[in-house]
Amino acid sequence: MSTFMPGRKQVEGSHAVAEAIALSRPQVISCYPITPQTHIVEGLSAMVKSGALSPCEFMNVESEFAALSALIGASAAGARTYTATSSQGLLFMAEAVYNASGLGLPIVMTIGNRAIGAPINIWNDHSDSMALRDSGWIQLHAESNQEALDLHIQAFKLAEQLSCPVMVCMDGFILTHAYEEVDMPSQEQVDAFLPPFVPQQVLDPSDPITIGAMVGPDAYMEVRYLLHHKHLQAVEVIENLRKEFKRHFGRDSGGLVSSYRADDAETLVLAMGSINGTIREAVDEMRDEGHRIGSVKLCSYRPFPLEALREALKGAKRVIILEKNLATGLGGILASNTRMALRGLNTPVNTIIAGLGGRPIPKKSVVRAFRQIETGEVEEPHFLDMNWPAIHEAINNRGLVKRRESEAQRVLRSVSGVEVAKPVR
Amino acid sequence: MKSQRLKFYQTGTFTVGNRLLSDEMRSVQATVDRNNSLNSGHRACQGCGEALGARYAVDAVMRATNGQAIAVNATGCLEVFSTPFPESSWRLAWLHSLFGNAPAVAAGVSAAMRVRGKKVTVIGQGGDGGTVDIGFGCLSGMFERNDDVLYICYDNEAYMNTGVQRSGSTPPTAITATTQGVGEHPGQEFGGGKNAPRIAMAHGIPYVATASVADLRDLEEKVTTAVGIRGARYIHIHVPCPLGWGSDPALTIQIARAAVQSGLFPLYEARHGRLVKATKIRRKVPVTDYLQPQKRFAHLFGKTPNVAAIDRIQAIADANIEDYGLLDSHEDPPISLQI
Ligand SMILES: Cc1ncc(C[n+]2csc(CCOP(=O)(O)OP(=O)(O)O)c2C)c(N)n1
Ligand code: SF4
Ligand SMILES: [Mg+2]
């Protein structure tokens, strides 16, 4: 019997996700507060406390490291498990993140994507989940709150089918705190889609096994390959789940990639997450002006769908990657990965680094950058809406101002227009 | 607690023959149907106190729970020597995750058992490093939430698995790979370290006990008592390490006993933060009985013995004797003894 209200409603992204998680019947949830994911677990905590979500154990632990560690134990003991985190919290649990995938435990975790400090910053970019991109977790990026909600329901099925943990990434604040209309499925619908958890390995006193043994050079490579193989399998499973989900819920959600006005496009823009809405509007505007431009949304960042992405991008004369992370000294991480999908094709790939630390990404900046790339007038990578005078000033002052102020503070003062202090000698 | 005042001195080691005890008081290890939870064939060093302590502790858990137990192990010697893939010495459901998270993992197992309606005892175990240092946050959290976990620390007073480095449990003057026997104060400095069982008590958890491989019967009994209690429980077991301590493997028990009988490692039980029992010292020995057979303390006994340092260690032992009332002449410790 459902305690939740199915149907269309206007709710905060975090609450929509919390309800979708509850409908997925997790048995152990553990959490630690960090903005911007906190509303999700607060919502779940209230549901467990009131009995609306039952049977379920909610653990208020002392750190993110403990949060995921507790789920490692709970998952190995046969429970469906869930947690959520962001930014510093994800890094704090990093050791356990690798451990969970190495042990093949189908834990589902929401990442409310947020920048990483220093300088400390609570706003959105993808640095956090990117930092753990090769941890062996599947990483799915939601574009909207509806998709975030749907992906969580899919994530449990995906994780449990492969015995591999899944992160559902949703842009902090932009999605987590946005009120949008969503279509909430009923408990019966979710139950029909998502069967109860049957673990592939379990701690059971009546059939004792050893989990987490030490593996030496003789077998470690094979064990790692098997995890790699799960990701290769996941590419297929994710597409199948998209179809199955559509049959059950009547919506297209998830999958590997989705194209928009791409058929005859000479320029294709690739991005992950909520920015895809802005990009589609930019595409429409430029199409109206006669540009042959389209976009491709990447939902599954890990596994990285080399074939599907190559298929989606191969018709283009140029590919633009718009991404919210920075591999310092290198450029865009998604761009590097995409070049691998395009190897042998000679398609020029341009990178736009945008939105770091929550910097807004307005449509007009995006359109300007796309136009400049089409005419070949931009540097690679291009940093969208970068305040270059502030950068030049900071670089010029490097090594001169020795005390009292960090570089971050100096940049902030110069950006805010306050006179920069005379160099101290 | 069931007890029977027995004083048999026939073996010179205070060993009590099982046949003199009632059935339920007999050692788990003396029965043919013991579980052999940590089975033979593992790769611990000869005379390893940790292997011995774990064998007794986990077998006692298995008897007390009728085999309905799951163990979570921190990284460390106990994990490494027992599970070189594809072999395993563990004859119970066993999970190793990381070095610093065993208490949290165990708490998660316990939560899963509760939600799945299974009556299973969950134990966490680790070395002193995994417990009092890197896992301390998780341990404190597990205590504070009163999670239904029995956590056992095997204290060999250093990071043995990585080659004998100092931990927060390394005693003063002990030489380790990171507290070398050089300089003005060779070995570990005085004034460092932490008293994990007392900190456990400060959480007010239902049960805290210290135990030693010198008194395996007592160890079994404490484990059995702990299994009968719900909530967070902590047992801190002193386990000599011949490799790290530079001691003769044949002397493991003797050295452990000297720690107890000198007062350096007091044996006690506490409930809800209050001391309820301290085991009296049978025949008091000077701390030198404990220190001298160990190479990590050899620098104290050279041509010019470091009398000042030995005196300071003796003072620590004497203070324990005083605080816990470890000698027969003492009154039982005041029930409110708290830190
Ligand atoms: C995060 C992390 N840091 C360091 C290590 C290396 N390490 C493994 S076991 C160990 C020492 C274990 O010491 P202790 O817990 O006292 O157990 P013992 O081996 O002495 O029984 C260390 C430092 C690790 N595995 N993980
Ligand atoms: S190093 Fe010490 S603790 Fe480790 S196996 Fe050897 S004796 Fe046991
Ligand atoms: Mg140790």
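Biologist: What makes B:E220 and B:R217 a salt bridge?

Modeller: Their side chains meet at 3.4 Å, N to O. A salt bridge is a side-chain nitrogen of Lys or Arg within 4 Å of a carboxyl oxygen of Asp or Glu, so the pair qualifies. Bear in mind that this is a predicted model, where local features need pLDDT of at least 70, side-chain atom pairs count only at pLDDT 80 or more, and totals for chains, interfaces and linings use all residues. Side-chain values use heavy atoms, with hydrogens and water left out, residues are numbered from 1 along each chain as its sequence is written, and chains are lettered from A and ligands numbered from 1 in the order in which they are written.

Biologist: Where do B:E220 and B:R217 lie?

Modeller: Both are in helix α7 (residues 216-227) of chain B, 3 residues apart, about one turn of the helix. Helices here are DSSP runs (H or I, at least four residues), numbered from the N terminus.

Biologist: Why is B:E220 called buried?

Modeller: Its relative accessible area is 1%. Buried means under 20%, exposed over 50% and partly exposed in between (1.4 Å probe, protein chains only), so B:E220 is buried.

Biologist: And why does B:R217 count as partly exposed?

Modeller: Because B:R217 has 23% relative accessibility, which falls in the in-between class.

Biologist: What does A:R80 form with A:E160?

Modeller: A salt bridge, with the closest N and O atoms 2.7 Å apart. The pair links distant parts of the chain, 80 residues apart: A:R80 sits in the loop between α3 (64-76) and β4 (81-85) of chain A, and A:E160 in helix α7 (residues 145-162) of chain A. A:R80 and A:E160 are both buried.

Biologist: How many salt bridges are there over all chains?

Modeller: A search of the whole structure finds 37.

Biologist: Which residues form a nonpolar patch on the surface?

Modeller: A:Y225, A:L226 and A:L232, with about 320 Å² of accessible area together. Patch residues have over 30% relative accessible area and no salt bridge; like charges are joined within 9 Å, nonpolar side chains (Val, Leu, Ile, Met, Phe, Trp, Tyr) within 5 Å. A:Y225 lies in helix α9 (residues 220-249) of chain A.

Biologist: Which residues are around ligand 2?

Modeller: Among them are B:C45, B:F81, B:N156 and B:L243, where being near takes a heavy atom within 4 Å. By class, the shell has 8 nonpolar, 1 polar and no charged residues.

Key. Areas by Shrake-Rupley, 256 points an atom, 1.4 Å probe, with all protein chains shown as cover. Helix = DSSP H or I, 4+ residues; strand = E, 2+ residues; numbered from the N terminus. Nonpolar A, V, L, I, M, F, W, Y, C, P; charged D, E, K, R; others polar.
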